[in-house]
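Here's a quick tour of a few local features in this model. Have the viewer open and follow along.

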Amino acid sequence: MTAAFKNEQIYFLLYKKIVDGELSCGMRLPSEEQLARELHVGRVTLRSALKRLEEQKFVRRVRGQGTFVVYSPENTVSAAEPQILYRESIHIKHKLLLLASKDKFRSSSLEICSGVLARAMEKKVEVVRMDYDFFRQCITANKAPDLIERENITGIILPFHGFIGNEPELEFFRQLKIPVLLPLPWDSDIFLNIFKTFDSPIRPAMYALLRHLNKLGHRKIAFIGPDGSRNIHLLSEQEYRILTDRNTDLFITAPPEPEAISAALREYLKQNQPTAIFCYDSIYAFSVTETLKSLQMRIPEDISAVEFANSPQTAYSDPPVSSCDLKLTERGRMAVDYLISGARENTPQIGFELAITNSVKSINNIK
């Protein structure tokens with residue numbers, strides 16, 4: 001197992017303990033030596049994971065004192081008792097509400113949140129971070145308007161996406177007098193005409209990555225992702241098959257856990273021979289590359305591999321996996337800039353870029 005993959009596992013293990021409340025706000029973590037021993041990893045691997053958590057404002061490391069949890073998820077709070085779960089307190093007339101969600105967690109949301117918090121600190125803007133499910137409870141109990149007024153919120157940022165139009169909270173957002181911004185929307189979010197939205201790069205980016213594989217001769221492109229992803233959360237299965245094989249079972253589903261992903265991929269490869277594997281995100285990409293290596297399958301000599309949404313950790317896989325750079329951190333930073341400018345101008349078109357590495361190769365000349 002590579003050090004990068006182990007670092008990824010430790011990061012998500014600590015992240016889950018924090019957002020689930022097992023490691024509560026204000027708690028001091030064990031010393032690096034003790035924590036590394038408990039997690040069965042080296043101190044270098046642990047420090048890398050802690051550094052990433054600190055950059056994303058989940059922990060704070062204080063010289064001479066230790067590492068402290070500074071994110072507080074909602075535990076047993078009732079809807080009648082609105083509480084602020086996390087505050088990056090600085091100053092000034094702009095005060096933004098960042099609605100994160102452990103249930104809607106994706107690595108893309110974390111990168112957007114990281115950009116929001118970094119830019120807010122630079123611009124001296126106060127950010128209140130709150131669990132989205134708790135905020136929905138406040139809406140149901142009619143406490144959300146008081147919360148927004150009492151906290152003097154001037155704008156709301158939703159780092160996730162995918163509203164379909166029947167969510168009960170949409171009417172509340174529709175009636176709000178302050179802007180609600182989606183930095184990474186789906187097409188459906190834009191069509192609702194409720195939110196302020198940046199450009200939607202998801203479908204174009206996925207098509208671009210599929211077209212790139214298609215031009216290299218790949219048609220048997222297996223997609224691996226979470227349960228329910230036969231619509232890929234991005235394209236329908238029919239759309240996916242336009243650029244892939246129409247007759248082969250191309251879909252592998254598994255929960256976002258390395259062991260489950262590995263088991264599902266191994267089972268799939270017993271009966272199928274894809275020329276490329278399309279990974280849902282970095283968790284799947286790391287698990288796929290490790291599994292293929294354990295099966296003595298080389299990337300890209302034996303099989304090509306791509307990941308949809310680019311994330312910083314992708315660069316540390318072996319080999320680095322080709323992906324779509326959706327410019328997530330930039331979207332978070334620009335979300336702050338847009339809201340503090342008054343959200344009156346047209347939203348920026350940020351776009352995406354293909355980040356192509358040597359994890360893919362052409363098979364056009366192979367018979």
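What follows covers a helix pair, a hairpin and one threonine.

This is a predicted model, so local features need pLDDT of at least 70 and side-chain atom pairs count only at pLDDT 80 or more, while totals for chains, interfaces and linings use all residues. Numbering runs from 1 along each chain as its sequence is written, and side-chain values use heavy atoms, with hydrogens and water left out.

The elements below are DSSP runs numbered from the N terminus: helices are H or I with at least four residues, strands are E with at least two.

| Element | Residues |
|---|---|
| helix α2 | 32–39 |
| helix α3 | 43–55 |
| strand β1 | 59–62 |
| strand β2 | 66–69 |
| helix α12 | 282–294 |

Start with the helix pair. The axes of α2 and α3 come within 9 Å and cross at roughly 105°, so the two are roughly perpendicular (65 to 115 degrees). Where they touch (heavy atoms within 4.5 Å), E32, E33, L35, A36 and L39 of α2 meet R43, L46, R47 and L50 of α3. By class, that contact has five nonpolar, no polar and four charged residues.

Next, the hairpin. β1 and β2 pair in the antiparallel sense over four bridges (pairing takes at least two DSSP bridges). R61 stands opposite T67 in β2. Three residues sit between the strands, and G64 takes a positive phi near 80°.

Finally, T291 in α12. T291 is buried, at 4% relative accessible area (buried means under 20%, with a 1.4 Å probe and protein chains only). A polar atom of its side chain lies 2.7 Å from the backbone oxygen of S287. Beyond its neighbours within four places in sequence, T291 contacts S262, L265 and R266.

Definitions and conventions:
Axes fitted to C-alpha atoms, helices over the stretch in contact; angles between N-to-C directions. Parallel < 35°, antiparallel > 145°, perpendicular 65-115°, else oblique. Nonpolar A, V, L, I, M, F, W, Y, C, P; charged D, E, K, R; others polar. Buried < 20%, exposed > 50% of the residue type's maximum accessible area, 1.4 Å probe, protein only. Polar contact = N/O pair within 3.5 Å; in protein donor to acceptor, adjacent residues only side chain to side chain.
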